[in-house]
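Student: Please go through the salt bridges and the cavities of this model with me.

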Amino acid sequence: MIEPSSMHSNAYSLEEVMDNSYDSIFVTDAEGNILMANPTAERLLNLSINQMVGKNIQELVEEGYWDKSIALEAIEKRTTVTGTIKTRDGVNLMCTSRPLFDRLGNITMVISNSRDQDTLVKLAQTLDKERELVQRYKEEVRYLREQGVRNKHLVAESTAMKNIVLEANWVGPTESSVLLYGESGTGKEILAKYIYSISRRAKEAFITVNCSAIPENLIEAELFGYEKGSFTGADAKGKPGLFELADRGTIFLDEIGEMPLVLQAKLLRVLENGDVRRIGGITSRKIDFRLICATNRDLEKMVENKTFREDLFYRINVVPLHLAPLRDRPEDIMTISHMFLKELNKKYGYDKVFSTETLNGFLNYSWPGNVRELRNLIERLVITTRGRVIDYQVEDMSNRPGNRAAGQDHEENGTFRIQVNSKAPLRKIMSQVEQEYIKNILRECHGCVSEAARILGIDRSAIYRKVQVAHLREREKS
């Protein structure tokens, strides 16, 4: 049994609920006479509660306060009805009227709830954005899982690579766009991931796009996404582009020189205002990302030839970093070789080692395919070598294209060979290779130390420390 005081408390609470409801609420009897209304109904209809209570809804419709009544429709149909009505002030309301019945099936009252339709539209848009955000995160996780993004070890034993890493450490924490130059296979993507890993966006997405690997007719859809039904074969639900997936993170555009001119213009607009519009879309999305690009082409020459946009070039070439080819940094060859061997031994369950002759062969080869070629060769040797020791002879390397097939101190077509003592310690061999290579560059530069230092990527003082420059100059004069 409910105490009177408790009943009074419940009634008071019900009144508070109605008064503080965001929805308009009013109650009518079975004939449409208004029994009660709340302040929200008063505000939306611009009509006081005293003017509403006691009146029939049909009277208010005839006086122009509504264009029609959903409550009267619910009474007529004896079921819940939802519809849109317009007030005298031009406000569209989404209204739901529900009749209540007694035990005999007679309508006792009708409860109507209304809300500003514009508010409902905004709420629906907010929900759509939330769903889209969830979907974007799902797409991002799926994409990253497929790509297998992970930070690989960046080898920097050579002076040239150490200088690059120093520059990367300087630019990494900034928001500046970075353009990586280097031959194919020099490790531009690894350097890009290193820059990303030390950036302020390291906890966000890292999206890699190879501009030369995606067909020209699909690259726009991949980069910018598309709305549902925008073209034949499109996903029925639409799809976010890679720029959207990179929001708040980093996007790496590899082989940027292969991007079609029409897309270069669209990319420039994205960089200028941060807005991305999907194919078939009518609205733009604001995104925030850090851009890293890479190329093995001469973009400045492409700008001169009108095959690359000049304005885009200056936009992405904020901080240029030049990766030297593997043949110009022999100190890295040994470390990279052992790193790959360790990785492949673990992958295949082996315990193989290089012979001294094999490592010498690696040092005397020019590696036109750079680090990628070195890794592929080591994987082939790991798989095909039957014993534990990988013994790949220098003669085998000499049959491969791009080798250094000239004698010591003898130049032929810009290449040279260094003979080393296979019994000497590794440090001594590396020092000999370094000295001979510096001497070779100095000869090509006719003893000009500044030019040689630029090519080698080291300081002039380092050249003086490592070789007898005066002797080489005298020899060049003679």
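**Salt bridges and cavities**

Tutor: Glu189 and Lys193 both lie in helix 8 (residues 188-197), four residues apart, about one turn of the helix. Helices (H or I, at least four residues) and strands (E, at least two) are DSSP runs, numbered from the N terminus. This is a predicted model, in which local features need pLDDT of at least 70 and side-chain atom pairs count only at pLDDT 80 or more, while totals for chains, interfaces and linings use all residues. Residues are numbered from 1 along each chain as its sequence is written, and side-chain values use heavy atoms, with hydrogens and water left out.

Student: How far apart are the closest N and O atoms of Glu189 and Lys193?

Tutor: A salt bridge is a side-chain nitrogen of Lys or Arg within 4 Å of a carboxyl oxygen of Asp or Glu. Glu189 and Lys193 form one, and their closest N and O atoms are apart by 3.4 Å.

Student: Does Lys193 count as buried or exposed?

Tutor: Buried means under 20% relative accessible area, exposed over 50%, and partly exposed in between (1.4 Å probe, protein chains only). Glu189 is partly exposed because its relative accessibility is 30%. Lys193 has 10% relative accessibility, so Lys193 counts as buried.

Student: Which residue forms a salt bridge with Glu220?

Tutor: The closest N and O atoms of this salt bridge are 2.7 Å apart, and the partner of Glu220 is Lys266. The pair links distant parts of the chain, 46 residues apart, with Glu220 in helix 9 (residues 216-224) and Lys266 in helix 11 (residues 261-273). At 30% relative accessibility Glu220 counts as partly exposed.

Student: How many cavities of 30 Å³ or more does the structure hold?

Tutor: On a 1 Å grid over the protein atoms alone, a cavity is a set of points where a 1.4 Å probe fits but cannot get out; lining residues have an atom within 4 Å of a point. Grid points are joined across faces, edges and corners, and a volume is the space filled by probe spheres set on the points. The largest cavity has about 130 Å³ of space. The number of cavities of 30 Å³ or more is five.

Student: Which helix gives the most to the lining of the largest cavity?

Tutor: Helix 7 (159-171), helix 14 (330-348) and helix 18 (426-444) each supply at least two residues of that lining. Glu434, Tyr437 and Ile438 are among the lining residues. With three residues, the most comes from helix 18.

Definitions and conventions
On a 1 Å grid over the protein atoms alone, a cavity is a set of points where a 1.4 Å probe fits but cannot get out, and a pocket is an open set with protein on both sides within 12 Å along at least five of seven lines; lining residues have an atom within 4 Å of a point.
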